[in-house]
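This report describes a structure for a reader who is new to the subject. Please keep the sequence and the model in view while reading.

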Amino acid sequence: MTVGITSPAQESSQVGQLQKQLQEMQKNFERMQQLQREQIEGLQKQLETLQTATASNTAAVVASAPGVAQPAPSWRPTDPVRAGKGAAYMDVGLVATVAAGGSTAQDVEELQIGGHDPNQRGFTVQGVEANFTGGVDPYFRGNANILFGLDAEGESYVELEEAWAETVSLPANLQVRGGQFLTDFGRVNTQHPHQWGFVDAPLVNARFLGADGLRNPGARVSWLAPTPFYSELFLAVQNSQGETAAGFRSEGGHSHGGEEEEEVPFGFRHADNDRGVRGADDLLFTPRWASSFELTDNQTVLAGVSAAFGPNSSGGGGDTRTEIYGADLTWKWKAPNAERGFPFVAWQSEVMLRKYDLGEFDWSGEPPDGLLVLESDGVTPAVLGRETVNDWGFYSQLLWGFKPGWVAGLRFDYVGGDRANYESAGLIAQDADGNQEALGRDPLRDSRWRLSPNLTWYPSEFSKIRLQYNYDERNDLGDDHSVWLQFEFLLGAHAAHKF
Amino acid sequence: MKSILCATITLMLAASAQARLNVVATTPDLASIASAVGGKEIQLTTLARPNEDPHFVEAKPSFIVKLNKADVLVHGGAELEGGWLSPLLAGARNAKIVSAAKGDVRCCEGVPMLDVPTELDRSKGDIHAAGNPHYMVDPENAKIVAHHMADAFSASDEANREYYQANAKNLMATLDAKLKEWQTTLAPFKGQQLVSYHNSWLYFANRFGLKTELFVEPKPGIPPSPSHLAELMAKMKSRGVKVIIVDPYLNRKSAETVARGTGGTVVDVAQFPGAIKGTDGDYIALMDHLVKTIADALKGQGAAIAK
């Protein structure tokens with residue numbers, strides 16, 4: 001530690017030297033500024049002369065000289081980053097979202113069911129998402145989102161969130177998108193976590209469309225209807241298998257980085273059902289219709305209905321299906337002379353209904369993972385009959401941007417479902433060690449609700465700090481309190497805001 | 001349902017019967033120039049409202065429909081609409097107006113851009129890689145834009161080439177005449193300083209020999225802190241600067257605080273025709289108003305310095 005050990009005399013001579021240096025630097029700087037200013041003024045004068053010449057020339061000259069006073073720009077403003085030595089163009093952006101906090105729940109990972117929710121006491125890396133976007137050629141536009149994450153165990157993982165290309169212009173107002181993409185179902189499902197108004201996913205989205213949202217490889221056709229108001233029809237066809245098609249032919253829930261697959265409701269017992277695609281029936285179909293109106297100059301409404309149809313992997317028959325229906329409504333008011341987009345009030349709600357066919361399953365066969373389900377006598381392996389179970393839920397959220405950079409939010413979540421036969425039959429579960437436990441209401445289908453007030457501060461367009469409190473009430477599991485502080489920063493290209 | 005369908009078909013037929021060029025302008029200043037150049041031959045739609053911040057326009061889905069039907073899109077470029085336009089264009093699926101198409105008029109092209117950063121670093125605030133995009137308040141730049149539009153309208157509507165070119169020529173001549181007038185009005189104030197809220201008046205100041213070196217916000221897009229305002233007031237006092245100009249969508253209260261602390265005046269200005277009463281759709285009326293108001297305010301400032 002030698003820093004700071006100097007005599008006062010040394011210091012004063014150093015100060016003198018530094019002052020001298022500073023003065024010289026300032027002089028140099030001013031001289032350079034003066035020089036640059038003169039150069040700029042000179043160039044401007046030249047340009048003005050040229051422009052005046054152009055303007056005063058005859059119409060014919062003006063018409064035939066589109067390039068006058070407009071030197072071809074070597075750089076297009078919409079291309080913030082030029083990659084590949086100018087041969088390939090794309091915008092590159094990186095969004096990092098981290099959270100810190102805690103919860104009274106002992107099972108925070110079960111409480112926070114979204115794939116990118118903060119889900120442990122202490123710190124959570126919710127995701128570091130790279131976005132690449134740009135024009136492919138005159139015919140296609142491309143986009144990719146690749147997410148880097150750290151799971152609760154500290155293992156790194158990578159997810160291909162999206163990678164698609166879409167047509168720039170097709171006849172009849174059609175557009176085709178192909179690749180890996182988030183399915184157009186409602187509002188939240190197509191948004192990436194940094195676009196959400198809350199630190200975690202709505203319960204109804206995480207439970208019905210999957211912890212990480214519904215997304216899979218496929219193709220989407222959309223049609224902009226020739227109505228005077230905005231009205232668009234979407235139809236997506238995607239694979240129905242895999243962990244990001246929860247509720248369809250997923251083997252289990254969503255897993256990150258090869259950790260144990262998360263639980264699915266035990267009633268969604270699946271045989272080894274990896275049958276591939278035998279016909280169109282084995283694909284996932286998602287139609288959506290969205291329409292928008294302006295109530296006044298400052299108020300806009302967007303309403304949509306969505307549905308998803310596909311096979312699920314319950315039972316052994318391979319003929320069970322899932323249907324999910326949804327409706328969404330968004331209303332936004334923005335002040336006529338908003339400063340940086342504030343103040344505003346935005347209300348968004350989604351409601352969903354899921355009908356899930358459970359196939360017949362006989363536990364006297366080979367029990368999966370050593371787990372055995374027995375009849376109420378505790379001895380006979382259970383035979384579960386075919387049935388359809390219904391689950392429903394909604395969220396409703398209000399965001400109020402009360403002054404520039406500040407947003408207060410409130411969200412209410414509810415999910416629940418009917419009591420299925422398999423939950424009423426008094427079944428007993430027996431694990432590999434022979435321990436028995438009575439099965440009742442399925443905790444992954446049981447009702448729960450949550451109230452989440454939060455406050456967000458945006459120091460600039462490129463960073464945000466959010467504090468959120470969650471009051472959770474899970475049927476049979478009781479209530480829990482959680483507090484999360486989220487921080488997010490953005491580097492590179494900032495994707496434009498959609499409505 | 002049937003009646004809706006009928007209404008839709010009728011509307012579609014009506015639209016196709018009008019052979020006029022469908023022009024969509026992002027901001028009202030560009031719309032005003034487009035209207036002067038296109039005259040009766042174009043059907044004009046403006047997306048942003050006059051008192052709306054052009055960087056933060058709400059991306060309403062109805063804009064997708066408007067862009068879908070456009071023959072020509074007139075936009076400022078240089079990241080002016082960077083926060084909202086591109087997803088709308090993607091949704092509009094209109095080959096006529098996609099980047100570099102015949103109907104894509106990026107008005108900033110050929111405009112001598114100021115404040116082009118030599119280094120892209122957002123710790124300096126929300127800077128624009130292509131330079132300051134608020135170039136339309138310099139009438140010389142409005143002439144360049146008029147020229148672009150005449151070319152683009154002609155390319156999309158050859159039959160009316162003469163008409164568009166003649167209109168543009170007229171507009172340029174008017175602007176030249178008015179510019180002399182405006183320069184005369186502001187000549188007595190050459191070298192004087194204005195405080196501007198956001199750095200959106202650089203081109204105006206440059207054209208008329210004024211200076212905007214002091215800003216209410218510390219860095220572009222960063223809200224003012226009390227210490228920055230104190231520093232600003234000290235600088236205004238030491239330099240004798242009294243006039244603070246504020247756009248309608250910016251925080252007038254901060255500007256008023258500064259005015260109170262320095263004995264200065266807040267002058268309401270606007271980049272867009274229509275944001276000030278009586279200037280609706282008229283770029284020249286807006287410039288008339290701006291020149292007159294700023295000259296009046298600077299008279300007071302000059303008097304204060306003379307004291």
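In which strand of chain A does A:Arg177 lie? A:Arg177 belongs to strand S7, residues 174–182 of chain A; strands (E, at least two residues) and helices (H or I, at least four) are DSSP runs numbered from the N terminus.

## Basis of the report

This is a predicted model, in which local features need pLDDT of at least 70 and side-chain atom pairs count only at pLDDT 80 or more, while totals for chains, interfaces and linings use all residues. Residues are numbered from 1 along each chain as its sequence is written, chains are lettered from A in the order in which they are written, and side-chain values use heavy atoms, with hydrogens and water left out.

## A:Arg177

A:Arg177 counts as buried because its relative accessibility is 10%; buried means under 20% relative accessible area, exposed over 50%, and partly exposed in between (1.4 Å probe, protein chains only). Leaving aside neighbours within four places in sequence, A:Arg177 is in contact (heavy atoms within 4.5 Å) with residues including A:Trp164, A:Glu166 and A:Arg220.

The side chains of A:Arg177 and A:Glu166 make a polar contact at 3.0 Å. A polar contact is a pair of N or O atoms within 3.5 Å; within protein, one must be able to donate a hydrogen and the other to accept it, and residues adjacent in sequence count only if both atoms are side-chain atoms.

## Chain B and B:Ile97

Chain B contains 10 helices and 8 strands. Of its 307 residues, 58% are buried. The C-alpha atoms of chain B fill a box of roughly 70 × 40 × 40 Å along the principal axes.

B:Ile97 is found in the loop between helix H4 (85–92) and strand S4 (104–106) of chain B. This residue, B:Ile97, counts as buried because its relative accessibility is 1%. Beyond residues up to four places away in sequence, B:Ile97 touches several others, among them B:Leu67, B:Val72 and B:Leu89.

## The interface

Chain A contributes 63 residues to the contact and chain B contributes 66. Between chain A and chain B there are 3 salt bridges, each a side-chain nitrogen of Lys or Arg within 4 Å of a carboxyl oxygen of Asp or Glu. One of the salt bridges joins A:Lys334 to B:Glu58, with the closest N and O atoms 3.6 Å apart.
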